[in-house]
Structures are given as C-alpha cells and as structure tokens.
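Please consult the sequence and coordinates shown below while reading.

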Amino acid sequence: RNLYASSYARRRIMNDQRTSIEGARVLVVGGAGFVGSNLVLRLLAENAAGVCVVDNLLSAEESNIPVDVRVTKVIGSINDRAVLSEVGTEWDLVFHLATYHGNQSSIANPHEDHEHNLRSTLVIADHMKDSTSLKTLVYASAGCTVAEKTYGEAHATSEDDPISLYLDSPYQISKIVGEFYLNYFEKSSGLPSVKARFQNVYGPREILGAGEWRGTPATVWRNVTPTFVYRALKDQNLLLENEGENSRDFIFVEDLVEGLISCATHGEVGGIYNLASGVETTIRELAEAILDEVKTDAELELLPARSWDRSGRRFGSTEKSQNEIGFVATTSLSEGIRRTVAWTKGNLENIDQAVKKHSKYFQ
C-alpha cells in the first residue's frame, strides 16, 4: 500500500512539473531512424538544451542523424550495459522509438524482435525508474495491436478498445507487452511514462533499405508509402496485396512528431494516445494518389491477401488525443504525398545505395 501511495504521489508531482522542450535535456532511443531523426530536428528547432541519440543502426543510417553541436550520438544497442552506463539517467525527457522494424520482419525473426523490441523497453524502463530528473518517458507503441481483426467495415479504434489475445505478429505482441511493462514500472516505481500508439507513418527521411539485412525483402520494402513512391519513380508496378482493398490510417511524419511532443508536454502520466489522422484510406487509393503525383508509367498489379494479416481494414480514433493533449493531424494525404515524392526525388541516389547493398540477398 505504501509503495503504491508513493507512486501515485510522484505521478501528481510529475504532472505538475511538466517540462517544455526549450532548455530540456532529451534522450532519443532510435534517433537515427525515420521518425527519430525527424523528432530530433523538431527538438532542436524548439531549442532543446541537448539531444542524445542512441541507435544500433539495425534499421537506420548514421548519416540520418542531424548534425548540430547540441546533438551527441551513441552508436550501439540500448540493451548493452556499456551503452546504458554511458547514457546515464539525467534526462528531462526520454523518447523510446527503438524497434525491430515491422510485422513481417518479426514473423521471420521472432527472437530478434524480442531482443530489439520488447527487451529494449524493459531495459529502458528499469534503467530510468529511479531517475530524479525525468519528467516523461514517451513510448512508441502500435495502433495495429489494438485494431479489430476484420476485413469488413472498420470502426475508428479507440485507446481503450479490447486487445485480442491472438495477435498477427511478434511485433504486435512486443509493442503491447511493452505497454504492460511501463504500467508495472509506473505503479511500482512511479516511472512517468506516456504511450503513443502510432498509425501508418510516412514522409521525408525514410530511407528504404536503411540498416542491416534482416532476412527478408521486408528489410527494403518495409513500409507501403515509401515503397510505392520509390517504385513509381522507377516506373515499376505497384503491388497491391488483397487487390488494394485493405485500409490504413496514414499520418504524415511531421504531424506524428507534433503528437510525440504533445504526449511529452501534455500527456497524463500512464496515458495512452492515438497518433492518427482519423482518416481511413485503402491501399488502392494510396497507390492511385501516388501514381497521379509521380506521373509514371507504372501500373497497379493485383495480388492475393497476405496470409498473416487479419486486420484488413483499420484506422484510429482522434477524439482522446484532441481532447486531452490538443493534438490534431493537419497534413492532408495529397499534401503529404507531394512532399514525400519531392523529398524522395531529391534523395534518390542515397536510397538507391541503401537498396543496392542488399541486392545480393534478393532480386
């Protein structure tokens, strides 16, 4: 009883002492990645005092880390005791974005997913639980874990929807069990964590093929939007599994970063918030919008459904995030695609090099 009483007392104190980004000392685990590097840029623009990026470069490139005198980088796994010792605990904010990227990679390598997805969450939580400076630890969770498993009409998934005991991938299991670990450390130690459930993020700085080969072509073709943009620019057909009838909630990366900042500065300790656009878009609609923007000779190629994916249609509810942390995604899909295509064109040589380094493994 005394343990939990002190935990709740700390929660109240932390809620009253929320820090702003300006002047904050910030740790970003997974900061070389697509979302992480965009977040680091935003933290610098908000005048953070210093940002430490930790990344093992399993699915990222070191060159993606923004160059600034306020940025320090530690290349290695957060699960490594030497890395933990170097990083320390004296941070105002921690963003835990490290992950074993994606459902398909986790299906191919469940043990690697456990190491780099779930174990990293346990390690970070246990490491930071006694920090005297930490105001908020923001955890990147996954909306796909909670989404209803349906190919029928989808409803907007809310933060308190039931969670199935039969998930589609080790990635989804790792993400939701990571939330359970944070709940435990909040109750037992007062760890001030906030969970941000991502939908399908897209936008600039996502480098196809970044990092190391992870056993399947999903190492390169890791997310649908950058894959479609790249293939369209190369005049290669866009492959639509389940004939493109699946639907997702696509959120532009700058909007998602705004949501992460909102979670850190306004989220309730222990809270869970969808970072979503609230708009359901079929994969076919996405593909057609990309083809229209690129003006390519590529065509749509219809394929069967993926055998493992039971959540054929899904999108996230935005009600709680808007009401409690003031977060609203403002970038339309058409604008987001335009900006993503423009960035990809300007960085095509670097993306080509990242893709090419895996060519010995697949054609």
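The model is predicted. Two packed helices are described by the angle between their axes and the distance between the axes. For helix α5 (residues 110–128) and helix α6 (residues 170–189), the axes come within 9 Å and cross at roughly 15°. Since angles under 35 degrees count as roughly parallel, α5 and α6 are therefore roughly parallel to each other. The crossing of α5 past α6 is right-handed. On the α5 side, the contact is made by Pro 110, Asp 113, Asn 117, Leu 118, Thr 121, Leu 122, Ala 125 and Asp 126. On the α6 side, the contributors are Pro 170, Tyr 171, Ser 174, Lys 175, Val 177, Gly 178, Tyr 181, Leu 182 and Phe 185. Sorted by class, this contact comprises ten nonpolar, four polar and three charged residues.

Rolling a probe the size of a water molecule over the atoms shows where empty space is left. The structure holds one cavity of 30 Å³ or more, and the largest cavity contains about 50 Å³ of space. Its lining consists of Gly 203, Glu 206, Leu 208, Pro 226, Tyr 230, Thr 340, Trp 343, Thr 344 and Ile 351. Two or more of the lining residues come from each of α7 (224–233) and α11 (333–346). The largest share, three residues, belongs to α11.

The second largest pocket is lined by Glu 61, Ser 63, Asn 64, Arg 205, Ile 207, Trp 343, Asn 347, Asn 350, Ile 351, Gln 353, Ala 354 and Lys 357. Helix α12 (residues 348–356) gives the most to this lining, with four residues.

The table sets out volume and lining class for the two spaces.

| Space | Volume | Lining residues by class |
|---|---|---|
| Largest cavity | about 50 Å³ | five nonpolar, three polar, one charged |
| Second largest pocket | about 220 Å³ | four nonpolar, five polar, three charged |

Key. Residues are numbered from 1 along each chain as its sequence is written. This is a predicted model: local features need pLDDT of at least 70, side-chain atom pairs count only at pLDDT 80 or more; totals for chains, interfaces and linings use all residues. Side-chain values use heavy atoms; hydrogens and water are left out. Axes are lines fitted to C-alpha atoms, for helices over the stretch in contact, and angles run from 0 to 180 degrees between N-to-C directions. Angles under 35 degrees count as roughly parallel, over 145 as roughly antiparallel, 65 to 115 as roughly perpendicular and the rest as oblique. A crossing is left-handed if the near helix is turned anticlockwise from the far one by less than a right angle, and right-handed if clockwise. Contact means heavy atoms within 4.5 Å. Ala, Val, Leu, Ile, Met, Phe, Trp, Tyr, Cys and Pro count as nonpolar, Asp, Glu, Lys and Arg as charged, and the others, Gly among them, as polar. On a 1 Å grid over the protein atoms alone, a cavity is a set of points where a 1.4 Å probe fits but cannot get out, and a pocket is an open set with protein on both sides within 12 Å along at least five of seven lines; lining residues have an atom within 4 Å of a point. Grid points are joined across faces, edges and corners, and a volume is the space filled by probe spheres set on the points.
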